[in-house]
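Please read this briefing alongside the sequence and the coordinates shown below.

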Amino acid sequence: MNNSKRTLLIEAFLDGKMSDAEKHDFEIAATTDSSIKEDLYLQNEIRNTFEEIEIFNLREKLYEIKNENAVYTKRRKLTVFLTSAAAIFIVLIVSYYFLFYSHYSNKELYNKYYTAAETGNISRGSDSTGLSVFNTAMLNYQNKKFNEAISGFRMIPAGSGQHHAAVFYTAISYMEKGEYDKAISGFSELENNKTSLFYYDALWYSGLCHIILNNNNKAAEIFSSLAGSDSAYRGRASEIVKEID
Amino acid sequence: MRNGYTDSEIVKGIKIQDKNVLAYVYNKYRPMVIDYVTLNSGTVREAEDVLHDSVISVYRVMLKHEFSLTSTFENYFLTICKNTWKLIARTKRKYELNGSMEEHNEFSYEDQGLYNESDIIRNLIFEKFMLLSKTCQEILKLYYFERRRMKEIASIMNYKTDMVAVKKKFICLENLKVLVKGNPKYRKTINYE
């Protein structure tokens, strides 16, 4: 007996559409033929599945919940994936920007690196008058009275032990006043004297003056030289060279 | 969906098949059941079946007799889940269980659900029924669920003659049988019986 015929026969039996004789024959066949027996069991269970109306409805609801849960889980996974991908993308873009495009403007670079020179105990020498003038000038410098400080530093003679300091702080005072050309001019005297205690300081501040004046080539030259030196400005000078390259 | 329900609200919700309560139970116990089943040689999919079948089992108990909890719903439900998995695992010859969900044996046999091999088959039939085409689902529901005559089915489905409906119903039933028989769970359960 083929599958189709068997299915139809079983349906007729279960629907009660068989004559008594047919029913009798079928019942005998169902006990002897294992394929009929198995299909009878299955088709009967199919009917039972549908006939339990309440259970069938419950199964439908649970099936919907399961599917909704699966959709929600998939959406959640997708959202997490997209959010992570977006975050990584943004980080990459920002990093790329900072690596390849983000340069400080000259003014920003200047503000980042410029701090007014500290005033240590630099008053040395035997000229007590000069020392008093120098100290007064330094006091004015500390008090940000730059015009008075410049006047005082100018009074220090060239041969004095405070001369280089006076020249340096005069130039710094000009920087504080925003007169960068005059500052550069002052620093140049020190830059030409490698034995001066202010040699590297003068180079550093002179370089910064060139930055604020947008003389990037000159600034690069000065900072490259500082980056190759063993001065305290070496590291910062290297950073600036990278920025203005 | 609410964040929480009391035990009596859950029992009442299952009795009236409140979808929010059913979803709450499903989502709350899903992780625990998955842990238990996967720890005991099962898969996540089998754990989903256990959860599904256990809710039906609880519902059957509620249909059969006046139901009242003698412990917390959680204890009761997890016991049902465990028993359900035991039966499924037994039919799969995986009856070496390792525990993890606590033992709760204070329930009567009647309260512990009437889950049996027939339920496994019926759940499988339902699962495969949901995979049939919408037309097949409709025809089989009209015939078995609503007990419609072929003439009515032909009319509802806009078929020209009753014979078209008879043929369609036959094809759909055959498809369903093939899907069920093709599932290893069916063979194992039948052989076990």
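This is a predicted model: local features need pLDDT of at least 70, side-chain atom pairs count only at pLDDT 80 or more; totals for chains, interfaces and linings use all residues.

## Fold and helical packing

Residues are numbered from 1 along each chain as its sequence is written, chains are lettered from A and ligands numbered from 1 in the order in which they are written, and side-chain values use heavy atoms, with hydrogens and water left out.

**Chain A overall**

- Of the 245 residues of chain A, 37% count as buried, where buried means under 20% relative accessible area, exposed over 50% and partly exposed in between, with a 1.4 Å probe and protein chains only.
- Among the contacts in chain A with a separation of 6 or more, 53% come from residues 24 or more positions apart, a contact being heavy atoms within 4.5 Å.

- When neighbours within four places in sequence are left aside, A:Leu208 is in contact with A:Tyr110, A:Tyr113, A:Tyr114, A:Met175, A:Phe223 and A:Ile240.

**Helix α11 of chain A**

- Helix α11 (residues 216–227) of chain A has 12 residues and reaches 15 Å from its first C-alpha to its last, close to the 16 Å expected at 1.5 Å a residue, the expected span being 1.5 Å times one less than the number of residues.
- The buried residues of α11(A) are A:Ala219, A:Ile222, A:Phe223 and A:Leu226; seen down the helix axis they fall within an arc of 90°, so they line one face of α11(A), the arc being that of the directions from the axis to the C-beta atoms.
- The exposed residues A:Asn217 and A:Glu221 are carried on the face of α11(A) turned away from its buried side, whereas the cover over its buried residues includes α10 (199–212) and α12 (234–244) of chain A.

**Aromatic rings and charges**

- Over all chains the count comes to 31 aromatic pairs, with rings of Phe, Tyr and Trp (its six-membered ring) paired if their centres lie within 6.5 Å, and planes under 30 degrees apart taken as stacked, over 60 as edge-to-face and the rest as tilted.
- One of these pairs is A:Tyr110 with A:Tyr180, edge-to-face at 5.7 Å centre to centre and 80° between the planes, and it links distant parts of the chain, from helix α5 (residues 106–113) to helix α9 (residues 180–191) of chain A, 70 residues apart.
- Both A:Tyr110 and A:Tyr180 are buried.
- The ring centres of A:Tyr141 and A:Phe146 are 5.9 Å apart and their planes stand at 75°, so this pair is edge-to-face; both A:Tyr141 and A:Phe146 are buried.
- Ring pairs link a cluster whose members include A:Tyr110, A:Phe134, A:Tyr141, A:Phe146, A:Tyr180 and A:Tyr205.
- The charged end of A:Arg236 sits over the ring of A:Trp204, 5.1 Å from its centre, by the rule that NZ of Lys or CZ of Arg is within 6 Å of the ring centre and within 35 degrees of the ring normal.

**Loop residues**

- Most residues other than glycine have a negative phi.
- A:Asn214, in the loop between α10 and α11 of chain A, has a positive phi near 65° and is exposed, with a relative accessible area of 55%.
- B:Ser41, in the loop between α2 (19–39) and α3 (44–64) of chain B, has a positive phi of about 70° and counts as partly exposed at 41% relative accessibility.
- A:Thr119 lies in the loop between α5 and α6 of chain A and, not counting residues up to four places away in sequence, touches A:Met138, A:Tyr141, A:Gln142 and A:Tyr169.

Definitions and conventions
Helices (H or I, at least four residues) and strands (E, at least two) are DSSP runs, numbered from the N terminus.
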